[in-house]
Amino acid sequence: MDKPLNNRAWLLVAPVLLFVLFSALLPMMTVVNYSVQDQMGENHFFWNGDAWFRDLLNPATEVGARFAGALVRNLAFSVTALLIEVPLGIAVALCLPRKGWTVGATLVVIALPMLIPWNVVGTIWQIFARQDIGLFGAALTGLGLHYNDTQDPVSAWCTIVIIDVWHWTPLVVLLSYAGLRAIPDAFYQAARIDGAGRWAVFINIELPKLHKVLVIAILLRFMQTFMIYTEPFVVTGGGPGNATTFLSIDLVKIALGQVDLGNAASMSLIYNLITITLSWIFFTIMTQLDRRREE
Amino acid sequence: MLAWMAWTWETALFFCLIGLALVVLTSLAVFRPETPRNGILGFPTMRGDRFFVSMLGAAYIFIAWMWFGGGSLWYPLAIAATFGVAMFAFA
């Protein structure tokens, strides 16, 4: 089929480009400028070359050690959250009803956590996790477990992971559920004729058909966990020590707490580079999967 | 007006070159259309993809150079340029 091609349609994108210029490109260029200069007093900048980057990439320096630590912690957090959320989300989606009035009710209940803003989630859990008045903290303490999210690194870490699982597994559930609903009945009928068991149906029909939505779910969840800020900021403040100091928490401490613009700028650029790389890899995988399916 | 952005001629030159590259790539796409080509990356690429991979690779080449405590940045620049040429030739 021949589609009409009119490049003037690009003009319609111009307002968005203008918006992106002011919301993203100019600030980004400023960050690049900051990353090669040192600042003295008010807006007196001196050329500093690659020194900020060399500091950042050398784990022997203070800022380098902080960056390496936060990066490792953040990657560990993202992987942990994904390993829990993706299988759990698929499992919940498989258990959801497929017809009747319960469908709407269940979906609304499951979607509720996603509607709550991050800082509200943080505040809810800050109280929920207290050992004296919080249901979660008090229950664990009552069971005889050593739980203290402000003093014990393991507790703090688990709390942040549980918050993220509670807040964002619904996204995986909804995406998987939509993917499952899109599978034509004929596949299941064929499986029944072949005498396939539940597990065989899952491995050979459902999982391959979920492939695409799962790539999207993993991309979204990875990006969000990689940029996590509000929950640790509100609940643990990055502590105890620096157990939950993830990249964005550390970045804000350096940029706004210490006003080390050079360190913060070089850190954000490398942080940004990692994000761009991962997005590009996911995007390439997704588009290539589409292309192969079409062929 | 732009004082807060703390411009230097080096970074300005850098962004001008990036902008110029985008303009050149866009005009090439308009006046010399191309079809995707399957190269060493294992998936079809166009000029834009190859440019993006070159830029991304260049950033990591510089990072690796500084990570291992290398000296003058002209060496990684040469490596990155070679990498870019290779990407445009074989990717």
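1. Helices (H or I, at least four residues) and strands (E, at least two) are runs assigned by DSSP and numbered from the N terminus. Is A6(B) buried or exposed? A residue is called buried if 20 or more other C-beta atoms lie within 10 Å of its own, exposed if 12 or fewer do, and partly exposed in between, the C-beta atoms being placed from the backbone. A6(B) counts as buried because it has 20 C-beta neighbours inside 10 Å.

2. The structure is a predicted model, in which local features need pLDDT of at least 70 and side-chain atom pairs count only at pLDDT 80 or more, while totals for chains, interfaces and linings use all residues. Residues are numbered from 1 along each chain as its sequence is written, and chains are lettered from A and ligands numbered from 1 in the order in which they are written.

3. On confidence, the predictor gives the complex an ipTM of 0.90 and a pTM of 0.84. The pLDDT is the predictor's confidence in each residue, on a scale from 0 to 100. Chain B has a mean pLDDT of 89, and 99% of its residues reach 70 or more. Among the elements of chain B, the lowest mean pLDDT (86) belongs to strand β1 (residues 37–38) of chain B, and the highest (93) to helix α2 (residues 47–67) of chain B.

4. Chain A has twelve helices and two strands. Its C-alpha trace spans about 75 × 70 × 35 Å along the principal axes. Of its 295 residues, 27% are buried. Two residues are in contact if their C-beta atoms, placed from the backbone, lie within 7 Å. Among contacts in chain A between residues at least 6 apart in sequence, 68% join residues at least 24 apart.

5. How many bridges join strand β1 (residues 37–40) of chain A to β2(A)? There are four, and the two strands run antiparallel; strands are said to pair if DSSP finds at least two bridges between them. One residue of this pairing is Q37(A), whose bridge partner in β2(A) is W47(A). The strands β1(A) and β2(A) form a hairpin with three residues between them, and G41(A) in the turn has a positive phi of about 60°.

6. The domain bounds come from an automatic or database domain assignment. Chain A is divided into domain 1 (75–245) and domain 2 (254–295). The centres of these two domains of chain A, taken over C-alpha atoms, are separated by 23 Å. Their contact takes seven residues from domain 1 of chain A and seven residues from domain 2 of chain A. Chain B is assigned domain 1 (1–33) and domain 2 (35–91), and the C-alpha centres of those domains of chain B lie 19 Å apart.

7. A nonpolar core is a set of buried Ala, Val, Leu, Ile, Met, Phe, Trp, Tyr and Cys residues joined through C-beta atoms within 7 Å. The largest such core has 32 residues, of which L56(A), W125(A), I160(A), F246(A), L251(A), A264(A) and M267(A) touch the most other members. Among the elements of chain A that give two or more residues to this core are α3 (62–95), α5 (118–128) and α7 (153–181). The core draws at least three residues from each of domain 1 and domain 2 of chain A. Leaving aside its neighbours within four places in sequence, W125(A) is in contact with T159(A), I163(A) and V235(A). Apart from this core lies another, of twelve residues, including W168(A) and L171(A).

8. Between the chains, 20 residues of chain A are in contact with 15 residues of chain B. On the chain A side, α1 (14–35), β2 (44–47), α2 (51–56) and α12 (261–294) each supply at least two residues. The greatest contribution to that side comes from α1(A), with six residues. By class, the side of chain A that touches chain B has eleven nonpolar, seven polar and two charged residues. Here Ala, Val, Leu, Ile, Met, Phe, Trp, Tyr, Cys and Pro count as nonpolar, Asp, Glu, Lys and Arg as charged, and the others, Gly among them, as polar.

9. V259(A) is in the loop between α11 and α12 of chain A. It counts as exposed because it has 10 C-beta neighbours inside 10 Å.
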